[in-house]
Amino acid sequence: MRLRSSTALQEVGTTLEQGTDRGQRLKVIVEGDEGSTRLDRVLATRLIDVSRSRLKALILAGRVEVQNTPIRDPAYHVGRGDTITIDVPQPAAAEPLPENIALDIVYEDDDIIVIDKPKGLVVHPAAGHETGTLVNALIAHCGASLSGIGGVRRPGIVHRLDKDTTGLMVVAKNDAAHRSLSAQFADHGRSGEMRRGYLAFVWGVPNRQRGTIDAPIDRHVYAREKMAVRPGGRQAVTHWETLESFKGVDGKPVAALLACELETGRTHQVRVHLAHIGHPLMSDSVYSPHFKTKASQLGPRSQAALSGLGRQALHAYLLALEHPKTGVILEWKSDLPEDLAALRQSLQAAL
């Protein structure tokens, strides 16, 4: 990787700490005239062979640290004397390669494929997850029939689930299907039949049976890897209903199972909205870190189930849409995966 000449490197304080088969680790010392400058601009000036889009992807993936703290905000302002460390992985192939990854296929025809995504499966390649993704699996399964409208990095992908959220996803297998599905997801059922439902295990029990959360979502002001309810953000609407409530060892309500349906599709929408009303998802390390002590109110079996979960307790159980070719309304439902079913059973046993 060409950073500048060796003389220039010494002048601006950019060094190559190590080069390995897995990539390179670079270090940049911010000079005086660069103080209070955006992080992405400093890196773009120093790393002249790395595109701005690549640098942004590395920052968002948590591969850039300032003073040993990961910074995921490209607009973060660095200070004079700050040390910036960048982990640059080996370049991935221009196009994702097919990988023999098992898929739980719920439905498939010539136009669409619906899968039940397991936890831990990233949807599309990105910095830090160049392989082992759903896209790699789909290319192996569907071959050249997948749509390419979304670009080579996410063929056929019209929506996504977080890595550790399980449940139903639909993928377009040709361009016409991609256009139709994209329009339906943009509309989110306002004028059509699109429905997306989630089952969410939350801390606490809402004081009413059902409700609607209408609160705009945008990037968190300080923790840029998070989303937050913020004035001026993008409109976000979530409808929820309490299906079950669970009591703790003291006999008091401690948790609930909610069914949520989206009227919009924002990043982390269910997680952010439920945390916003004071009922964050169980085992959500991002949006409910202050609720860890709640686990002490659970029985031993529930504590064990929660401890072994290792992810937010969220499952995309419902998907309904209009078939892009036939116009027929199709609906699928997915049972709770094994880990969430075990959590539910343990919570019920405490009743």
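Modeller: A salt bridge is a side-chain nitrogen of Lys or Arg within 4 Å of a carboxyl oxygen of Asp or Glu. The model is predicted: local features need pLDDT of at least 70 and side-chain atom pairs count only at pLDDT 80 or more, while totals for chains, interfaces and linings use all residues. Residues are numbered from 1 along each chain as its sequence is written, and side-chain values use heavy atoms, with hydrogens and water left out.

Biologist: What makes the pair Glu108 and Lys173 a salt bridge?

Modeller: Their closest N and O atoms are 2.9 Å apart, which is within the 4 Å limit, so the pair qualifies. Glu108 lies in strand 8 (residues 105-108) and Lys173 in the loop between strand 10 and helix 5, so the bridge ties together parts that are 65 residues apart in sequence. Helices (H or I, at least four residues) and strands (E, at least two) are DSSP runs numbered from the N terminus.

Biologist: Why is Lys173 called buried?

Modeller: Buried means under 20% relative accessible area, exposed over 50%, and partly exposed in between (1.4 Å probe, protein chains only). Lys173 has 10% relative accessibility and therefore counts as buried, whereas Glu108, at 34%, is partly exposed.

Biologist: How many salt bridges does the structure hold?

Modeller: The structure holds 13. Among them, Asp40 pairs with Arg38, with closest N and O atoms 2.8 Å apart. Asp40 is buried at 15%, and Arg38, at 25%, is partly exposed. Lys119, Arg311 and Asp339 are linked in a network of salt bridges.

Biologist: What makes the largest nonpolar core a core, and which residues have the most contacts inside it?

Modeller: A nonpolar core is a set of buried Ala, Val, Leu, Ile, Met, Phe, Trp, Tyr and Cys residues joined through side-chain atoms within 4.5 Å. The largest such set has 29 residues, and Leu134, Tyr198, Cys260 and Leu274 have the most contacts inside it. Its largest share, five residues, comes from helix 4. A second, separate core of 21 residues includes Phe246, Val254, Ala295 and Leu318.

Biologist: Which residues does Leu274 touch?

Modeller: Not counting residues up to four places away in sequence, Leu274 touches Ala200, Val202, Ile213, Leu258, Cys260, His279, Pro280 and Leu281. Contact means heavy atoms within 4.5 Å.

Biologist: How many residues line the second largest pocket, and which lie nearest its centre?

Modeller: The second largest pocket is lined by 30 residues, with Arg160, Arg196, Gly265, Arg266 and Thr267 nearest its centre. A pocket is an open set of points on a 1 Å grid over the protein atoms alone, where a 1.4 Å probe fits, with protein on both sides within 12 Å along at least five of seven lines; lining residues have an atom within 4 Å of a point.
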